[in-house]
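Me: Can you walk me through this one? I'd like to start with the ligand and then look at some helices.

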Amino acid sequence: MAIKLGILGSGSGSNMQAILDAIEATQLDAEIVLVLSDNPDAYILERARKANIPAEVIDCHGFRTKFPEKAQLHIAQQLKEAGAELICLAGFMRLIKQPLLDTFPDRVLNIHPSLLPAFPGLRAWEQAVNAGVSEAGCTVHFVDAGMDTGPIIAQAKVPVRPEDTAETLHARIQKEEHQLYPDAINKIVATYETTSSQE
Ligand code: GRF
């Protein structure tokens with residue numbers, strides 16, 4: 001049975017699109033049941049609506065960066081009501097805390113544009129260029145209450161070239177992200193299926 005996904009994003013939503021494309025190509029047995037964004041102008045909302053997926057704006061009660069508990073409780077309920085079984089953060093810019101994590105224990109994933117634990121936080125691709133490393137990449141991990149700290153599910157590496165700018169490296173990383181995220185969801189779903197067949 002297709003796993004029901006809830007997706008949270010603040011920006012372009014290219015990772016959400018990659019997940020959707022993998023579903024349409026039958027490479028991923030899933031259904032996106034709800035897309036939520038804290039940014040009313042985020043293109044991820046438009047992408048979702050174009051695909052006839054319910055998409056709504058999260059009311060963060062005027063806070064610019066904080067994710068208030070009340071808002072987290074509200075979206076936890078919305079996601080439950082939509083039937084979401086796995087929550088995928090895809091470029092979501094606020095820190096998730098207990099209200100949401102307790103509703104979906106071990107069921108919140110994130111994609112981060114670095115080889116964690118290296119370069120957590122903002123603009124990881126720029127951090128990598130500035131640090132002069134020869135290898136960068138992306139990571140899909142479980143979300144805990146820290147910043148980019150939960151257990152790692154999958155990683156993909158990309159080379160950093162001498163001529164790279166933050167932007168060219170980010171583009172190379174994003175290409176890998178679009179393959180890695182659907183693959184990592186498949187990997188996690190397979191573990192649920194093994195567990196339930198053993199019960
Ligand atoms: C990605 O680079 C992801 O790793 C990071 O935010 C970016 C989101 O991009 N967490 P998009 O909105 O999926 O295009």
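This is a predicted model: local features need pLDDT of at least 70, side-chain atom pairs count only at pLDDT 80 or more; totals for chains, interfaces and linings use all residues.

Me: Okay. Which residues are around the ligand?

Reply: The list has Gly11, Ser12, Gly13, Ser14, Asn15, Gly91, Ile111, His112, Pro113, His170, Gln174 and Glu177.

Me: How does that shell split by class?

Reply: Nine residues are polar, two are nonpolar and one is charged.

Me: Which elements each supply at least two residues of the shell?

Reply: Helix 1 (14–24), strand 5 (108–112) and helix 6 (166–198) do.

Me: And which gives the most?

Reply: Helix 6, with three residues.

Me: Now the atoms. What lies 2.5 Å from an oxygen atom of the ligand?

Reply: A polar side-chain atom of serine 14. Glutamate 177 also has a polar side-chain atom by a ligand oxygen, at 2.4 Å.

Me: What about a nitrogen atom of the ligand?

Reply: One is 3.0 Å from isoleucine 111.

Me: How much of the ligand does the protein bury?

Reply: The protein buries 87% of the 370 Å² that the ligand exposes when taken alone.

Me: Which pocket is the ligand's space?

Reply: The ligand takes up the largest pocket.

Me: Back to helix 1. Why is it called largely enclosed?

Reply: Because eight of its eleven residues are buried. They are Ser14, Asn15, Met16, Ala18, Ile19, Leu20, Ala22 and Ile23. Ser14 and Asn15 are also among the residues around the ligand.

Me: What follows helix 1?

Reply: Threonine 26 does, and its phi is positive, near 55°.

Me: New topic. Where is leucine 169?

Reply: Leucine 169 is in helix 6.

Me: Is leucine 169 buried or exposed?

Reply: Buried. Its relative accessibility is 0%, and the cut-off for buried is under 20%, so leucine 169 counts as buried.

Me: How far is leucine 169 from glutamate 126?

Reply: They are 8.1 Å apart, C-alpha to C-alpha. In sequence, 43 residues separate them.

Me: One more leucine. Where does leucine 73 lie?

Reply: Leucine 73 lies in helix 3, which covers residues 69–81.

Me: Why does leucine 73 count as partly exposed?

Reply: Because its relative accessibility is 47%.

Terms used:
Residues are numbered from 1 along each chain as its sequence is written. Side-chain values use heavy atoms; hydrogens and water are left out. Helices (H or I, at least four residues) and strands (E, at least two) are DSSP runs, numbered from the N terminus. Buried means under 20% relative accessible area, exposed over 50%, partly exposed in between (1.4 Å probe, protein chains only). A residue is near a molecule or strand if one of its heavy atoms lies within 4 Å of it. A polar contact is a pair of N or O atoms within 3.5 Å; within protein, one must be able to donate a hydrogen and the other to accept it, and residues adjacent in sequence count only if both atoms are side-chain atoms. Accessible areas come from the Shrake-Rupley method with a 1.4 Å probe; for residues, only the protein chains shown count as cover. On a 1 Å grid over the protein atoms alone, a cavity is a set of points where a 1.4 Å probe fits but cannot get out, and a pocket is an open set with protein on both sides within 12 Å along at least five of seven lines; lining residues have an atom within 4 Å of a point. A molecule sits in a cavity or pocket if more than half of its atoms lie within 2 Å of its grid points. Ala, Val, Leu, Ile, Met, Phe, Trp, Tyr, Cys and Pro count as nonpolar, Asp, Glu, Lys and Arg as charged, and the others, Gly among them, as polar.
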